[in-house]
Amino acid sequence: MASRPFQKSWGAWPAAVHLALLASIIALPLLVLLGLLLERTVASQRQQIEQRLVQVAEDLVADLDRDIDRHVTILQTLISSRSLAGEDYAGFHARATRSLSDKGGVILIDPEGRQLVNTFVPFGQAPRMTGNPEMLEAVRRTHRPVVSNLFTGLASREVVFNVAVPILEGDQLRYVLSLALRPAVFRPLLIGQGLPSQWNSTIWDGNGLIVAKARDDGRLVGTRVPGRLRDEARLLRAYETTSFDGADVLHAFARSRYSGWGVGVNAPMATIQAQVQQSLWLWGGTIVAVAVLVLGLATLFARQLTRPLAAATAAARSLGREEPFDVGPSHVVEINAVNEALCVARDELVARTAALRRSEQQLRSAADAAQFGAHEYDVATNQVIRSPQLRRILGASAEDTSPSLESGLAFVHPEDREDVGRRKRSILSAGQGPYQLEYRIRRPDGTVRWVMDRGQAVGDPATGAVVRVVGVLLDITDLKEAEQRQRLLFDELNHRVKNTLAIVQSLARQTLRTRRDPEEFARVFEDRLASLARAHNLLTRESWTGAPLRDIVDAAMAPFVDGGRVIDVSGSPVVIPAGATITLSMMLHELAANSAKYGALATAGGRLSVRWETGSDPVAAAIDLCWQEEGGPPVVAPATTGFGSRLLQASARHLDAQLDMDYAPQGLRCRLRFTVPRAVTPEAAA
């Protein structure tokens, strides 16, 4: 059907007027949108800085706790000193001085506060009483490691703080061992955070006195922190206040659960406002540039519009609707070329439309099967075209028909969003070429998924600037989870191998100390290795989650059941955790080996009974295990402490257990009481 010829309307406005109105209609919403984006950008920058402040404060608290825990471990190592066990205070003073002279002073006091050892001064010249009675009272009350507040040491005459641990005999406090440290020990921890040069961080003690400050040479140590900087109502939140110098800052602080100390981080408000001002200028310039560009283009194209162009436009519309159309000749060569192309395209459109529909169906099927979605970003319009598969991966609404680059970044996980946004901007500025990103997204329902974003930046042939980006988004969550499981397995294997090698090394060293004869050493060492291997077999069979106590006892007694020996084993079902299984196996093997050599298992008429009872608590099982020998040679208490006794005592400490040894003449009686969590029900253990 022929189209009607184009007729000019005398009431029509000039093209320039239409374009000016169109430019105004388009520019106004864009300007409003840019204004909203500007407001959102400013708020986002402020939020990111606040989150960074809180995160730095939490990281500093974690580092502080780890450093204090390291000093507690050093003190616990000194507790095992023979000189301390034998009350050889001069020897303990010498060892502590050699070991910790570069870390601080070691002070040993009794429960009444009398100083027995102080490495700040030669032995015998220590002050009579402790200079930190609050710390002593806290240790006496809790029987746990304590970190003191700042105080002036009696011997060192310096401002220090103490890390103290109790030394117990049963339930009674025998000594308090403390390490006096100078506040400067924590300054490298603050400097090592790599904060911006304008930022500052501070550590203060439980009394609010400054312990260390990153941007300070020690002048403010011992100065009280203003209450506005340690407002408990604003814990782990960033808020505006003033610094020590009266400058306006954004401040966040956290508190150590270990020591009760506080950590604060400041960012100058002037720096933050400068960043915001820079963004305001950038976006303001962008708004002005967009407005000028729109008006300039409207004016330019208005001068080139003619009636042949309008006819060509109408023909193009008809072509789009697959309707017939007629176009006449024009005085503009380019428009004639367009009209000719429209006629050729009209003939090809039908065939290509059918082929395109088939291709789209094939692509849709492939995307559904491979779990990927396609996207195309137009740099000039800041618009993203998303395939239905991509919207399903993101959990995006189908009503969002013209999303922008910023709206796409909103789906990125908050922890990855800044990095992904920076890398996408670098892709746009780097020029054409392929790219590949991996990051997490968070759907509107809160689900977190891993995705791989792969694509190609397409540049303008004339300028080389990127004009559009085409790519696909693949859901790789299953692959990431598999990689995480593999890393965990490797870490667990490495940890277990190290623990096993440490146990073997300790067994070899201690056995060689008491068995100088090579043949006897080989026999005893092989027996102990065999016991360790049996414990490992039990844990391997149970996937290293633990082992039933009955199986542990049976495995330890297995080498001694021959020769008519009578061994009676009984007790309620209970599972021992993996960390305690090896320790308990070594204790039982040592008792059995000693019995086979000196006790009830050394004679034909001897009898051994291993029995235990388990408490009824559904959360933690209190185990009372009794080892009773009868019918063997008369028992005599050992005159010296050999490897076996040391192994039993050290193992009991490892289990946090109470060990009682009764060397009755009629037979050795050993009682071990300890508690384990009920990770597995008794029925499953049976």
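Cys626 stands opposite Arg671, a residue of strand 23. The model is a predicted one, in which local features need pLDDT of at least 70 and side-chain atom pairs count only at pLDDT 80 or more, while totals for chains, interfaces and linings use all residues. Residues are numbered from 1 along each chain as its sequence is written, and side-chain values use heavy atoms, with hydrogens and water left out.

Strand 21 (residues 620-630) and strand 23 run antiparallel and are joined by nine bridges. Helices (H or I, at least four residues) and strands (E, at least two) are DSSP runs, numbered from the N terminus; two strands pair if DSSP finds at least two bridges between them. An open sheet of five strands, with mixed pairing, has the order 18-20-21-23-22. Strand 18 (566-571) and strand 22 stand at its edges with a single partner strand each, so one side of each has no neighbour in the sheet. On average, neighbouring strands of this sheet are turned by 10° against each other, direction ignored. Helix 15 (residues 578-598) packs on the sheet and touches strand 21, strand 22 and strand 23, contact being heavy atoms within 4.5 Å. The direction of helix 15 makes about 10° with that of strand 21. Axes are lines fitted to C-alpha atoms, for helices over the stretch in contact, and angles run from 0 to 180 degrees between N-to-C directions.

Side chains of opposite charge can pair when their charged atoms come close. A salt bridge is a side-chain nitrogen of Lys or Arg within 4 Å of a carboxyl oxygen of Asp or Glu, and the structure holds 21 of them. One of these joins Asp660 and Arg673 (2.6 Å, N to O). Asp660 lies in strand 22 (residues 658-664) and Arg673 in strand 23 (residues 667-677), so the pair ties together parts 13 residues apart in sequence. Asp660 is partly exposed at 30% relative accessibility, and Arg673 is partly exposed at 26%. Here buried means under 20% relative accessible area, exposed over 50%, and partly exposed in between (1.4 Å probe, protein chains only).

Asp416 forms a salt bridge with Arg440, with the closest N and O atoms 3.0 Å apart. This pair links distant parts of the chain, 24 residues apart: Asp416 is in helix 11 (residues 414-430) and Arg440 in strand 14 (residues 433-442). Asp416 and Arg440 are both buried. Asp419 and Arg422 also meet in a salt bridge (2.5 Å, N to O); both lie in helix 11, three residues apart, about one turn of the helix. Asp419 is partly exposed, with a relative accessible area of 33%, as is Arg422, with 45%.
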